[in-house]
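Have a look at the model first.

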2 protein chains.
Amino acid sequence: MGIQDDAAEIRAGGWRTLAALHGLIDSALEKALQAEHRLSVVEYTVLEALSRQDGWHMRMQQLARAAALSSSATTRLVSRLEDRGLLSRYLCADDRRGIYTELTPQGRELLAAARPLHDATLEATLTEAADLPELAPLVRALHDLELIPAAQAKA
Amino acid sequence: MGIQDDAAEIRAGGWRTLAALHGLIDSALEKALQAEHRLSVVEYTVLEALSRQDGWHMRMQQLARAAALSSSATTRLVSRLEDRGLLSRYLCADDRRGIYTELTPQGRELLAAARPLHDATLEATLTEAADLPELAPLVRALHDLELIPAAQAKA
DNA sequence: GAGAACTATTTGCACAAGCAGGTAAGCCGC
DNA sequence: GCGGCTTACCTGCTTGTGCAAATAGTTCTC
């Protein structure tokens with residue numbers, strides 16, 4: 001096995017670890033948010049991304065990138081949330097192809113209610129992962145990252 | 001904003017970064033493997049996990065954990081791969097509830113053909129991510145992880 | 001050693017995702 | 001200011017997923 005193979009194997013191992021930790025956190029958040037607030041992780045992510053915007057509004061495409069979704073999936077996701085009264089669509093004045101989405105008061109309320117659970121679940125899962133020898137190093141590394149501006153995080 | 005909130009915000013930011021990098025890699029691998037070998041990432045993961053087993057066989061539940069899938073999804077995933085002749089099922093002799101899956105020669109062949117593309121895509125995507133200021137720290141951290149034994153990686 | 005409790009796998013169903021194709025709106029050169 | 005190209009969003013269709021219930025086999029208890 002040459003140097004090339006070693007490097008590839010190291011990357012593959014890192015990717016397995018990353019995927020494992022991601023899966024652990026994702027499914028824990030999914031269960032918790034679904035059970036308590038009937039929200040999926042993507043839905044929470046969208047609400048959270050919206051709440052972080054200056055004017056609390058975003059265009060569909062921005063939303064799609066923030067949630068790492070295709071535009072068709074974004075359309076339906078926004079429709080679901082709109083049906084539940086958590087956000088509303090309205091046309092851009094300047095570019096009438098564009099559609100803005102904006103949190104409603106209920107949306108902000110639900111987000112405020114869900115955030116503590118989200119954060120607590122995240123903390124609990126990270127703590128749990130820190131006890132697994134194969135995940136612990138990545139958990140430590142995550143902790144030491146510089147804090148990332150949210151607007152860029154999912155670019 | 002108190003110390004509690006700061007800690008929660010750091011964890012949330014780390015989670016966003018982790019999710020962003022995961023999404024980037026996952027979709028790059030998905031596209032590449034799908035285009036060249038009609039394999040999804042999970043399917044590749046399963047073949048790869050099987051190839052790494054001593055006797056090249058695993059039970060459904062092990063497979064489910066290795067792929068981070070529910071057991072029903074695993075059933076259907078194995079069925080798909082079995083239909084394509086990439087692996088085969090056979091009953092456990094000692095515990096007849098259990099079902100072993102085993103790579104066929106074609107399965108090993110396809111895996112051997114797909115692995116270089118997988119590894120190259122992974123490398124390219126990590127390189128790309130290292131150029132994004134918000135992902136670069138995590139990429140570096142990944143690189144410095146200890147190599148994880150594959151059998152445990154997705155536990 | 002018969003029945004209860006548990007485990008491994010499969011199946012029915014509902015739902016969310018992506019892709020490809022459609023429509024409406026803006027932009028650009030002439 | 002009229003075609004042609006591009007962009008933004010929505011819809012039809014197919015596929016993969018999870019949950020809950022069904023089935024088959026094992027183990028434990030008395």
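In what order do the three strands of the open sheet in chain A sit, and is the pairing parallel or antiparallel? The order is E1-E3-E2, and the pairing is antiparallel. Two strands count as paired if DSSP finds at least two bridges between them. Helices (H or I, at least four residues) and strands (E, at least two) are DSSP runs, numbered from the N terminus.

## Ground rules

This is a predicted model, so local features need pLDDT of at least 70 and side-chain atom pairs count only at pLDDT 80 or more, while totals for chains, interfaces and linings use all residues. Residues are numbered from 1 along each chain as its sequence is written, and chains are lettered from A and ligands numbered from 1 in the order in which they are written.

## Chain A at a glance

Chain A has seven helices and three strands, running α-α-β-α-α-β-β-α-α-α along the sequence. The C-alpha trace spans about 60 × 35 × 25 Å along its principal axes.

Of the 155 residues in chain A, 31% are buried. Buried here is 20 or more other C-beta atoms within 10 Å of a residue's own, exposed is 12 or fewer, and partly exposed is in between, with C-beta atoms placed from the backbone. Take the contacts in chain A between residues at least 6 apart in sequence: 51% of them join residues at least 24 apart. A contact means that the two C-beta atoms, placed from the backbone, lie within 7 Å.

## The sheet and its helices

Back to that sheet, with its order E1-E3-E2 in chain A. Strands E1 (57-59) and E2 (87-91) of chain A are at the edges with a single partner strand each, so one side of each has no neighbour in the sheet. On average, neighbouring strands are turned by 30° against each other, direction ignored. Axes are lines fitted to C-alpha atoms, for helices over the stretch in contact, and angles run from 0 to 180 degrees between N-to-C directions.

E1(A) pairs with E3(A) (residues 99-103) over three bridges, in the antiparallel sense, and A:Met58 stands opposite A:Thr101 of E3(A). Helix H2(A) (residues 41-52) packs on the sheet, touching E1, E2 and E3 of chain A, at about 95° to the direction of E3(A). Helix H3(A) (residues 60-67) packs there too, touching E1 and E3 of chain A, with its direction at about 90° to that of E1(A).

## Helix H4 of chain A

H4(A) (residues 71-83) has 13 residues and reaches 18 Å from first C-alpha to last, close to the expected 18 Å at 1.5 Å a residue; the expected span is 1.5 Å times one less than the number of residues. Its buried residues include A:Thr74, A:Leu77, A:Val78 and A:Leu81. Why do they sit on the same side of H4(A)? Because they cover an arc of only 95° around the axis, the arc being that of the directions from the helix axis to the C-beta atoms.

H2, H3, E2 and E3 of chain A are among what covers those buried residues. The face turned away carries the exposed A:Ser72, A:Arg76, A:Ser79 and A:Asp83. After H4(A) comes A:Gly85, with a positive phi near 75°.

## Around DNA strand D

Which residues come nearest to DNA strand D, of the 20 around it? They are A:Met60, A:Ser72, B:Ser70, B:Ser72 and B:Ala73. Near means a C-beta atom, placed from the backbone, within 6 Å of the molecule or strand. H4(B) gives the most to this surface, with five residues.
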